[in-house]
Amino acid sequence: MFELPECVTLARQMNDTLKGKTIQRGQQGNSPHKFVWYNRSHDEFERLTKGKTVGQARAKGRWLFIPLEPGYVLLLGECGGKVLYHPPGSKVPKKYHLYIAFEDDSFLTAMTQMWGAMELYEEGEEQNREYVKDMRTTPIEPGFTFDYFSALVDDLMEGKKRSAKALLTQDQLIPGLGNSIAQDILFRARISPKHPIADLTSDQRGLLYKAIVDTVAEVIEKGGRYDEYDLYGNRGGYPRLMDKNAVGRPCPECGGEIEKIQYLGGACYLCPNCQE
Ligand SMILES: [Zn+2]
């Protein structure tokens, strides 16, 4: 699944490569998938995208906003898999969930894993979409200050008991983070996934905040995680610290063995010595 850094990378690459291109033909998937969400019929999508020009794309959380000018915005939300640019002369893949051919004979395809939204809105209407409408502040926005983060933790402490992993991965409390980047953030902050947020010391809050901001910035700078692909089909340059390949290996900090546990709907990778 793409997380915020991968979405930022894709938006940047779309602006380098797709911006200004005119659509010859836009098609929704030829490969039915129960969990790809479209909001248009096939005919409608084709009719509304024809002749539109790609504007300046941007990412917010795990959502990509791609203006199709004039008047429309293509939304790719909570996707994984591959969103690929194909230069002129490339062969069209057999299966896709989205295919957009441009007048210069290049094209874009998207094929998601798990699930994902591929929706076309009249400009402005995309802001009313569920999950976009009430999105909280994301870690790359100026509003994501330590005071904001600390107030968020205070607010959440009053509701149901949440752990550090829940704070990073549930209900898009910090939009754009997911189970993957959360592992590295928690390791860098030296906090266990199960640590209740109500029990974080003020030092730990500071460490967690810094780990979120620094990790997101580093993954963006390196063009996404190494197990995801960019617009050109290249792997990202950020090697994950805590993932399945790290299990059984020595912790880079203390040399202890990295462990895998199942917790809160997925695997966690951690160093039990370093993370408390
Ligand atoms: Zn360790």
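1. Let's start with helix α3, where Phe149, Ser150, Leu152, Val153 and Leu156 are buried (buried means under 20% relative accessible area, exposed over 50%, partly exposed in between, with a 1.4 Å probe and protein chains only). Seen down the axis of α3, these buried residues fall within an arc of 155 degrees, so they line one face of the helix; the arc is that of the directions from the helix axis to the C-beta atoms. As background, an α-helix has 3.6 residues a turn, so residues three or four places apart point the same way.

2. Before going on, a word on the source: this is a predicted model, where local features need pLDDT of at least 70, side-chain atom pairs count only at pLDDT 80 or more, and totals for chains, interfaces and linings use all residues. Residues are numbered from 1 along each chain as its sequence is written, and side-chain values use heavy atoms, with hydrogens and water left out.

3. Back to α3: what does its buried side pack against? The partners are α4 (164-169) and α6 (202-221). Turned away from that side are the exposed residues Asp147, Asp155 and Glu158. Helices here are DSSP runs (H or I, at least four residues), strands likewise (E, at least two), numbered from the N terminus.

4. Now the zinc ion. Its protein donors are the SG atoms of Cys251, Cys254, Cys271 and Cys274, lying 2.2 to 2.4 Å from it (donors are N, O and S atoms within 2.8 Å of the metal, or 3.2 Å for Na, K and Ca; water is not among the atoms, so sites may look incomplete). Along the chain the donors follow the spacing C-x2-C-x16-C-x2-C. Both Cys271 and Cys274 are buried, with Cys271 at 0% relative accessibility.

5. Why call the zinc site tetrahedral? The 4 donor atoms subtend angles of 102 to 114 degrees, which makes it so; four donors count as tetrahedral if all angles lie between 85 and 135 degrees.

6. On disulfides (a pair of cysteine sulfur atoms within 2.5 Å), the structure holds 0. Cys79 is in none, and the nearest cysteine sulfur, that of Cys7, is 7.9 Å away. Cys79 is also buried, at 5% relative accessible area.

7. Last, Asp105 sits in the loop between β8 (98-102) and β9 (107-111). Its C-alpha atom is 8.6 Å from that of Gln24, 81 residues apart along the chain.

Key: Tetrahedral: all angles 85-135°; square planar, octahedral: opposite > 155°, others 65-115°. Contact = heavy atoms within 4.5 Å.
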